Amino acid sequence: MRETAREYLARMERYLGDDDPFDVLRSTPRALRRLVAGAPRRRLTSGLAPGKWSAIEILSHLADVDLVWGYRIRKILEEPGARIQPMEQDRWVEECRYAEARADEALEAFAALRRAGEHGYFGRLTIRKIVRMLAGHDRNHAGQLRRILG
């Protein structure tokens with residue numbers, strides 16, 4: 001039986017629990033590198049059961065999901081209320097031939113999407129820093145509006 005979208009989202013919330021999602025996002029590439037380090041190819045290409053994804057397929061999936069969600073976030077910012085298409089993840093696994101990928105390349109693609117950028121004025125920016133900066137920015141300008149309109 002396939003889970004509903006609501007069940008899936010609830011399951012993801014349970015996985016996260018009370019942990020800071022930004023801490024999780026930041027630490028996942030490093031944790032995955034440790035898990036994959038030194039694993040032989042045959043272990044990386046075997047799933048736990050027939051029809052289950054292998055480690056390489058999971059790593060490739062993670063990289064593609066970051067690309068897809070990055071696009072979706074940009075689409076929402078550009079066009080509030082935009083229609084967001086679901087991802088046919090099993091088809092991506094097959095069509096993109098994830099099973100033939102190299103674990104180190106799949107992991108590097110995934111990790112690259114989690115890196116920080118260098119801003120000409122603000123210096124090194126991570127997503128966490130941007131989110132915190134925007135939250136402070138909101139409060140700054142809300143305070144200005146309260147003083148102006150107050």
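Tutor: We begin with a definition: a residue is called buried when its relative accessible area is under 20%, exposed when it is over 50%, and partly exposed in between. Please keep in mind that this is a predicted model.

Student: Is Glu 105 buried, exposed or partly exposed?

Tutor: Glu 105 has a relative accessibility of 47%, so it counts as partly exposed. Arg 102 falls in the class of partly exposed residues too, because its relative accessibility is 43%.

Student: Which interaction joins the side chains of Glu 105 and Arg 102?

Tutor: The general idea is a distance test: a side-chain nitrogen of Lys or Arg must lie within 4 Å of a carboxyl oxygen of Asp or Glu. The side chains of Glu 105 and Arg 102 form such a salt bridge, with an N to O distance of 3.4 Å. Asp 104 also belongs here, since a network of salt bridges links Arg 102, Asp 104 and Glu 105.

Student: How many salt bridges does the rule give?

Tutor: The count is 7 salt bridges. One of them joins Asp 23 to Arg 26, whose closest N and O atoms are 2.4 Å apart. Both residues belong to helix H2, where a spacing of 3 residues places them about one turn of the helix apart. Asp 23 is partly exposed at 34% relative accessibility, and Arg 26 is partly exposed with a relative accessible area of 44%.

Student: What links the side chains of Arg 11 and Glu 3?

Tutor: Arg 11 and Glu 3 meet in a salt bridge, at 2.4 Å from N to O. Arg 11 is partly exposed at 25% relative accessibility, while Glu 3 is partly exposed with a relative accessible area of 32%.

Student: Let us turn to helix packing. What describes two packed helices?

Tutor: The description consists of the angle between their axes and the distance between the axes. For helix H2 (residues 21-36) and helix H6 (residues 103-112), the axes come within 10 Å and cross at roughly 170 degrees. An angle over 145 degrees counts as roughly antiparallel, and H2 and H6 are therefore roughly antiparallel to each other.

Student: Which residues of H2 and H6 meet?

Tutor: On the H2 side they are Thr 28, Pro 29, Leu 32, Arg 33 and Val 36. Their counterparts in H6 are Ala 103, Leu 107, Glu 108, Phe 110 and Ala 111.

Student: How far apart are Ala 63 and Phe 110 in sequence and in space?

Tutor: Ala 63 and Phe 110 are separated by 47 residues in sequence, and their C-alpha atoms are 4.0 Å apart in space. Ala 63 sits in helix H4 (residues 55-78) and is buried, with a relative accessible area of 7%. Leaving aside neighbours within four places in sequence, Ala 63 contacts Ala 106, Ala 109, Phe 110 and Leu 113.

Student: Is Ser 60 buried or exposed, and what does Ser 60 touch?

Tutor: Ser 60, which also lies in helix H4, is buried, as its relative accessible area is 9%. Not counting residues up to four places away in sequence, Ser 60 touches Tyr 98, Ala 101 and Ala 106.

Student: How far apart are His 119 and Met 87?

Tutor: The C-alpha atoms of His 119 and Met 87 are 32 Å apart, and the two residues are 32 residues apart in sequence. His 119 belongs to strand E1 (residues 117-119) and is partly exposed, with a relative accessible area of 35%.

Student: Backbone angles are my next topic. What is the phi of Arg 97?

Tutor: Arg 97 has a positive phi of about 50 degrees, although it is not a glycine. Arg 97 is placed in the loop between helix H5 (89-95) and H6, and at 53% relative accessibility it counts as exposed.

Student: Finally, which residues form a nonpolar patch on the surface?

Tutor: The patch consists of Leu 145, Ile 148 and Leu 149, with about 370 Å² of accessible area together. Ile 148 lies in helix H7 (residues 127-149) and counts as exposed, because its relative accessibility is 64%.

How values were computed: Residues numbered from 1 in each chain as written. Predicted model: local features only at pLDDT ≥ 70, side-chain atom pairs only at ≥ 80, totals over all residues. Heavy atoms only, no water. Patch = residues over 30% accessible without salt bridge, like charges linked within 9 Å, V, L, I, M, F, W, Y side chains within 5 Å. Areas by Shrake-Rupley, 256 points an atom, 1.4 Å probe, with all protein chains shown as cover. Helix = DSSP H or I, 4+ residues; strand = E, 2+ residues; numbered from the N terminus. Buried < 20%, exposed > 50% of the residue type's maximum accessible area, 1.4 Å probe, protein only. Axes fitted to C-alpha atoms, helices over the stretch in contact; angles between N-to-C directions. Parallel < 35°, antiparallel > 145°, perpendicular 65-115°, else oblique. Contact = heavy atoms within 4.5 Å.
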